[in-house]
Each structure stands twice: as C-alpha cells, then as structure tokens.
Amino acid sequence: MLKLSLRQGVTPYLLATGVVLLMAAGRWALGFIVGEQLPFITFIIAVLFVSWFGGLGPALFATILSAVLALLLFIPPTGTL
C-alpha cells in the first residue's frame, strides 16, 4: 500500500493558498494603520512559511499568488492589474 506524505501532492499548494489568503486578510485588517504603504509586508510571512513546509514549487505559487493579490487589493488603483 502506498502511503502519501503531507508534503507531497496537492496538500502544499492548498496550504499555500490558505496561508496567502489568511495573510491577505491580515494585511486588509492592518490597512487602517499602514494605509497604502507596505502592500507586501504580510505576504513575506506566507511565502517563508510555505517555502519551509512545501519547498520550491509551492513557494513559487505562493509568491505569484501574493503578488497578484497585493496588486489587486492594496496597490492603487485597486481592482486593476
């Protein structure tokens, strides 16, 4: 019987998505303190955690997802790339 580890398959990518969305919510909650400055600050934590847990592939995925979310949500004009 083949036993899959948690660090294989789609699990690291699901974790990357969840952590990045959680950090986006955290950045949104900090919006009244930092304003338009530091749009990527919370995403650094997400990318570091995902790279430690999942390796290169999920870390690159988290980096790209973080960049797109930061551009859409926190860098004016919001809602556009």
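This note goes through the helix packing, the aromatic pairs and some backbone features of a predicted model.

1. Helix 1 against helix 3. The axes of helix 1 (residues 11-29) and helix 3 (residues 41-54) come within 8 Å of each other, and they cross at roughly 160°. Angles over 145 degrees count as roughly antiparallel, and helix 1 and helix 3 are therefore described as roughly antiparallel to each other. The crossing of these two helices, helix 1 and helix 3, is right-handed.

2. Residues between helix 1 and helix 3. On the side of helix 1, the contact is made by Pro12, Leu15, Ala16, Val19, Val20, Met23, Ala24, Gly26 and Arg27, and on the side of helix 3 it is made by Ile41, Thr42, Phe43, Ile45, Ala46, Phe49, Val50, Phe53 and Gly54. Sorted by class, the contact of helix 1 with helix 3 has 14 nonpolar residues, three polar residues and one charged residue.

3. Thr42 within that contact. Thr42 belongs to helix 3, and among the residues of helix 3 that meet helix 1 are Thr42 and its sequence neighbour Ile41. With a relative accessible area of 9%, Thr42 is under the 20% limit, so Thr42 counts as buried. Leaving aside residues up to four places away in sequence, Thr42 touches Met23, Gly26, Arg27 and Leu30.

4. Helix 1 against helix 4. Helix 1 also packs with helix 4, here at an angle of about 30° and with the two axes 9 Å apart. Because angles under 35 degrees count as roughly parallel, helix 1 and helix 4 are described as roughly parallel to each other. Helix 1 passes helix 4 in a crossing that is right-handed.

5. Residues between helix 1 and helix 4. Pro12, Tyr13, Ala16, Thr17, Val20, Leu21 and Ala24 are the residues of helix 1 in this contact, and they meet Gly57, Pro58, Phe61, Ala62, Leu65, Ser66 and Leu69 of helix 4. By class, the contact of helix 1 with helix 4 has eleven nonpolar residues, three polar residues and no charged residues.

6. Ala24 in both contacts. Ala24 lies in helix 1, and Ala24 is listed in the contact with helix 3 as well as in the contact with helix 4. Its relative accessible area is 8%, and Ala24 is buried. When residues up to four places away in sequence are not counted, Ala24 touches Phe43, Leu69 and Phe74. Between the C-alpha atoms of Ala24 and Phe61 the distance in space is 15 Å, while the two residues are 37 apart in sequence.

7. The pair of Tyr13 and Phe61. The structure holds four aromatic pairs. In one of them, the ring centres of Tyr13 and Phe61 are 5.9 Å apart and the ring planes stand at 70°, so the pair is edge-to-face. Tyr13 lies in helix 1 and Phe61 in helix 4, so this pair ties together parts that are 48 residues apart in sequence. Tyr13 is partly exposed, at 35% relative accessibility, and Phe61 is partly exposed as well, with a relative accessible area of 34%.

8. The pair of Phe49 and Phe53. The rings of Phe49 and Phe53 have their centres 6.4 Å apart and their planes at 15°, so this pair is stacked. Both residues, Phe49 and Phe53, lie in helix 3, where they are four residues apart, about one turn of the helix. Phe49 is partly exposed, with a relative accessible area of 34%, whereas Phe53 is buried, with a relative accessible area of 18%. Together with Trp52, Phe49 and Phe53 form one aromatic cluster.

9. Most residues other than glycine have a negative phi, and most peptide bonds are trans. Phi of Leu38, however, is near 55°, which is a positive value in a residue other than glycine. Leu38 lies in the loop between helix 2 (31-34) and helix 3, and at 48% relative accessibility Leu38 counts as partly exposed. The peptide bond from Pro76 to Pro77 is cis, with omega near -5°, and Pro77 is found in the segment after helix 4 (56-73).

Definitions and conventions: Residues are numbered from 1 along each chain as its sequence is written. This is a predicted model: local features need pLDDT of at least 70, side-chain atom pairs count only at pLDDT 80 or more; totals for chains, interfaces and linings use all residues. Side-chain values use heavy atoms; hydrogens and water are left out. Axes are lines fitted to C-alpha atoms, for helices over the stretch in contact, and angles run from 0 to 180 degrees between N-to-C directions. Angles under 35 degrees count as roughly parallel, over 145 as roughly antiparallel, 65 to 115 as roughly perpendicular and the rest as oblique. A crossing is left-handed if the near helix is turned anticlockwise from the far one by less than a right angle, and right-handed if clockwise. Contact means heavy atoms within 4.5 Å. Ala, Val, Leu, Ile, Met, Phe, Trp, Tyr, Cys and Pro count as nonpolar, Asp, Glu, Lys and Arg as charged, and the others, Gly among them, as polar. Buried means under 20% relative accessible area, exposed over 50%, partly exposed in between (1.4 Å probe, protein chains only). Rings of Phe, Tyr and Trp (its six-membered ring) pair if their centres lie within 6.5 Å; planes under 30 degrees apart count as stacked, over 60 as edge-to-face and the rest as tilted.
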